[in-house]
Amino acid sequence: MLTGLNIAVIGGDARQLEVIRKLAELHAKLWLIGFEQLDHGFTGTSKAKLEEMDLSRIDAIILPVAGTSLSGQVDTIFSNDNIILTAELLKKTSEKCVIYSGISNSYLTSAAEKAGRKLVQLFDRDDVAIYNSIPTAEGTIMMVIQHTDYTIHGSNIAVLGLGRVGMSVARTFAGLGAKVKVGARKSAHLARISEMGLSPFHLDDLKEEAKAADVIINTIPHLIVTAEVISNMPHQGLIIDLASKPGGTDFAFAEKQGIKAMLAPGLPGIVAPKTAGQIIAGVLSHLLAEQLPKRSEEKS
Ligand code: NAP
């Protein structure tokens with residue numbers, strides 16, 4: 001139970017509704033900022049405006065997955081308000097207030113630092129990243145189906161990177177009968193790829209491997225699908241880049257070559273917002289529960 005915790009939920013999309021539902025069930029007191037157009041009345045929640053709130057009693061701030069923009073704007077699909085989070089506002093919260101966000105950027109990290117508040121990036125956590133890799137893999141299937149005129153079964157798919165997303169994507173496509181090769185740079189990763197029954201290749205050989213790839217799915221957040229790699233791909237080849245912006249593909253060159261290449265960010269929120277929200281809600285409820293004893297010690 002999160003009874004006694006005062007939490008400000010600022011902005012978000014459909015995923016945030018799952019967070020609100022879960023935290024309200026656990027009896028936290030929620031202040032919903034940027035939710036004017038939300039019809040659903042969750043018990044224990046109050047709609048509020050950021051600038052009118054008494055932030056001194058706030059123990060936690062929950063931001064959308066994207067956090068803020070580089071100018072501090074917090075996106076919400078439930079209001080037309082322009083919500084700007086500043087270091088000055090954060091300073092008004094309780095000293096132990098923790099800010100939770102999916103990811104961060106230089107603005108948000110610096111605002112939290114200036115205010116002396118802890119910032120937790122949920123998507124840095126292995127558990128969140130691994131759970132999230134499931135809807136990401138499903139979204140990747142959707143994209144490949146939408147942008148090809150052949151079956152996944154039997155096609156040659158090169159997955160780049162064997163991190164949390166790469167592993168799930170490779171396994172899922174193999175399960176659909178694709179001939180999956182996975183490119184990595186560490187020998188342990190190459191060994192794991194073999195153990196998974198897939199074909200490993202070293203990323204140094206990507207240029208050569210690209211010749212037979214119907215689809216390249218990149219998960220490496222560095223320029224890896226270079227002009228040299230793209231120029232070796234078959235003409236009907238497809239590149240789906242899952243890595244965070246700006247991705248790891250030379251998109252301008254792909255366009256010149258007539259190779260379809262697309263950055264596909266935020267797939268969990270697109271294909272499975274409910275599940276994606278439940279993943280965040282589950283982890284958040286544990287983290288907030290850990291905050292409870294500290295808070296009572298502080299108040300006693
Ligand atoms: P991860 O677990 O850190 O895996 C990243 C992989 O990239 C690792 O295999 C890593 O290998 C490799 N890598 C990193 N830098 C490299 C370099 N310079 N050269 C070669 N390999 C390199 O990350 P993840 O959780 O799988 O996420 C991967 C990307 O997908 C991230 O950018 C993440 O933000 C994004 N993502 C996108 C979606 C979406 O919907 N599109 C959803 C979730 C995540 P080493 O161990 O050798 O470094």
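This is a predicted model: local features need pLDDT of at least 70, side-chain atom pairs count only at pLDDT 80 or more; totals for chains, interfaces and linings use all residues.
Residues are numbered from 1 along each chain as its sequence is written, and side-chain values use heavy atoms, with hydrogens and water left out.

Strand β7 covers residues 98–101, and strand β8 covers residues 118–121. Helices (H or I, at least four residues) and strands (E, at least two) are DSSP runs, numbered from the N terminus. β7 and β8 pair in the parallel sense over 4 bridges; pairing requires that DSSP finds at least two bridges between two strands. In this pair, Ile99 stands opposite Leu119 of β8. Between the two strands the chain passes through helix α3 (residues 106–115), and this β-α-β crossover is right-handed. The term means that, with the strands pointing away from the viewer, the path from the first strand over the helix to the second runs clockwise.

Strands β13 (residues 238–241) and β14 (residues 260–263) also run parallel, joined by 4 bridges. Here Leu238 stands opposite Lys260 of β14. With helix α9 (residues 251–257), the two strands make a right-handed β-α-β unit.

Asn232 lies in helix α8 (residues 227–232). Its relative accessibility is 22%, so Asn232 counts as partly exposed (buried is under 20% relative accessible area, exposed is over 50%, and partly exposed is in between; 1.4 Å probe, protein chains only). Leaving aside residues up to four places away in sequence, Asn232 touches Lys207, Glu208, Ala210 and Lys211 (contact means heavy atoms within 4.5 Å). Ala210 is 22 residues from Asn232 in sequence, yet their C-alpha atoms are 5.8 Å apart. The Asn232 side chain reaches the backbone oxygen of Lys207 at 2.8 Å.

The ligand is surrounded by 22 residues (each with a heavy atom within 4 Å of it). The closest are Val165, Arg185, Lys186, Ala264 and Leu267. A polar side-chain atom of Arg164 lies at 3.0 Å. For Lys186, a side-chain N or O atom is 2.7 Å away. Gly266 places a backbone N or O atom at 3.2 Å. The protein covers 76% of the 920 Å² of accessible area that the ligand has on its own (Shrake-Rupley method, 1.4 Å probe). Helices α5 (164–175) and α10 (267–271) are the elements that give two or more residues to the shell around the ligand.

How values were computed:
A polar contact is a pair of N or O atoms within 3.5 Å; within protein, one must be able to donate a hydrogen and the other to accept it, and residues adjacent in sequence count only if both atoms are side-chain atoms.
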